[in-house]
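Thanks, everyone, for making time for this.

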Amino acid sequence: MIEQPIEVVFDYIKYLKNQDHYSRWANIDPNMVKAYRGTDAHVGFVSAWSSEHPDVGVGEQEIIGIKPLERIDYELRFIAPFQATEPAYMLTKSIGDTTQVTWGFQGHMNYPMNLTFLFINFEKQIGGDLQAGLNKLKEILE
């Protein structure tokens, strides 16, 4: 819950470049190389990253849908250290003068990678990283 009207919150999160300020992954490697294509806050905008850090790797994120004041959909394309294309989203809901923000990610791993990571609870790990990002977002906007 962010103590700001939905218009303020949505106007901030619709800019993909702003994730550099609150996403845990965007801040792991200070030497990460970033590149952008398109117009931020619009469908088709792409934020790409490249890092030697094993927790970051190489990939890009594209805005694939925006429903103003409600939802932003992304496509995450991981290139290294593994290849995968997965959907992610951010949802906003107005509750009085506050805004509820939900940040989600859906993913799976194909064989044989799923065996390699069999004993890692990705839902817990990624969920914790997303929540840390939401906590930072709250700190920024309040």
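What follows is a short walk through the ring pairs, and then the charged groups.

This is a predicted model, in which local features need pLDDT of at least 70 and side-chain atom pairs count only at pLDDT 80 or more, while totals for chains, interfaces and linings use all residues. Residues are numbered from 1 along each chain as its sequence is written, and side-chain values use heavy atoms, with hydrogens and water left out.

Searching the whole structure gives 6 aromatic pairs, where rings of Phe, Tyr and Trp (its six-membered ring) pair if their centres lie within 6.5 Å, and planes under 30 degrees apart count as stacked, over 60 as edge-to-face and the rest as tilted. One of these is Tyr-22 with Trp-103, an edge-to-face pair at 5.5 Å centre to centre and 65° between the planes. Tyr-22 counts as buried at 2% relative accessibility, and Trp-103 also counts as buried, at 10%, with buried meaning under 20% relative accessible area, exposed over 50%, and partly exposed in between (1.4 Å probe, protein chains only).

Tyr-36 and Phe-45 make a stacked pair, 5.9 Å centre to centre with 10° between the planes; here Tyr-36 is partly exposed at 31%, whereas Phe-45 is buried at 2%. Ring pairs also join Trp-49, Phe-78, Phe-82 and Phe-105 into a cluster.

Turning to charges, a charge sits over a ring if NZ of Lys or CZ of Arg is within 6 Å of the ring centre and within 35 degrees of the ring normal. The charged end of Lys-17 sits over the Tyr-36 ring, 4.7 Å from its centre, and that of Arg-71 over the Tyr-89 ring, 5.1 Å from its centre.
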